[in-house]
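Please open the model in a viewer and follow the selections below in order.

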Amino acid sequence: MSYTATQHPTEEALCACALHECDEELLKHIEQCAACSEYVEEIRTISHDIASIEDEPVPERLNASIMAITRAKEKSRVVTILQTWYKNPFLIGILTIAVILLLYALVMMIP
Amino acid sequence: MHEHEFKVIYHESGRNLYNFILWITGNRGVCDDILQEVFIKIWRCEASPPDTDERRRWLLTITRNACLDFFRKSNRFARFRTKYKEEWYEPPTDPDAPFIWNELQQLAEVERSILFLHLKIGHSYKEIADMLELTENLVRVKAFRALKKLKETLVKKES
């Protein structure tokens, strides 16, 4: 698309150009047109202001409580195993075999 | 997830995610709760985290969803945020930021997210579109509208 002194690019195109999505034609027009150049410059300033807002550090107490998540989970894993051992078929199997062996040993011990 | 992986993720992305939440919610108290919630989710995740670039997108998506969930679940906070805008949006600690920060808070959440992801993190519109489940063109339009709104308000204020 060709631009002239009276036919300007859309604001969207200018904004895209300010954010580095610019074609040759548009770039040439912006260099020659004061109004479009000013528009692009304003958008660039705003984008730059936004990008340069400093990142805040994570508060120390929050760091500590997030690191504690892993410890809490380890504890809760142990508690869960203790509370639900009877639902574990593997443990039930082992215990059943142990009881059978114990009973067998007792029977064998009886004279 | 292994403890080591969890720590690596936190050290690499904790600060970034904290600031992303702060941009979306505008309130540090809520930010603390949501960041904790996000890392609990990550810790409970059974699968290994994706690799570098994919991981960044994964984390940002989880974080944004956690923010949206938070406001969906707690109407109380959402009402407070609407009613007491001034008290809710805390200014950043950066002394030069409040001017633009206050204007940013007037934008819709999705517009703020797009500006953060594009201008601060440097994600492309395509990547943002994948994260926010929007089309690339819609992301571009929203970014343009957000910048236009900011420009108009700032010009109005200056004059």
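Select chain B: buried residues make up 31% of its 159 residues, where a buried residue has 20 or more other C-beta atoms within 10 Å of its own, C-beta atoms being placed from the backbone. The model is predicted, so local features need pLDDT of at least 70 and side-chain atom pairs count only at pLDDT 80 or more, while totals for chains, interfaces and linings use all residues. Residues are numbered from 1 along each chain as its sequence is written, and chains are lettered from A and ligands numbered from 1 in the order in which they are written.

Colour chain B by secondary structure next. Chain B has 9 helices and 0 strands (DSSP runs numbered from the N terminus, helices being H or I of at least four residues and strands E of at least two).

Now display both chains. The contact takes 29 residues from chain B and 22 residues from chain A; two residues are in contact if their C-beta atoms, placed from the backbone, lie within 7 Å. On the side of chain B that touches chain A, H1(B) gives the most, with 8 residues.

Of its 50 residues, A:Leu14, A:Val40, B:Ile21, B:Ile34, B:Leu35 and B:Leu147 touch the most other members. H1(B) supplies the largest share of this core, 10 residues.

Finally, centre on B:Leu35. Apart from its neighbours within four places in sequence, B:Leu35 is in contact with A:Leu62, A:Ile66, B:Leu17, B:Tyr18 and B:Ile21.

Technical notes:
A nonpolar core is a set of buried Ala, Val, Leu, Ile, Met, Phe, Trp, Tyr and Cys residues joined through C-beta atoms within 7 Å. A residue is buried if 20 or more other C-beta atoms lie within 10 Å of its own, exposed if 12 or fewer, and partly exposed in between; C-beta atoms are placed from the backbone.
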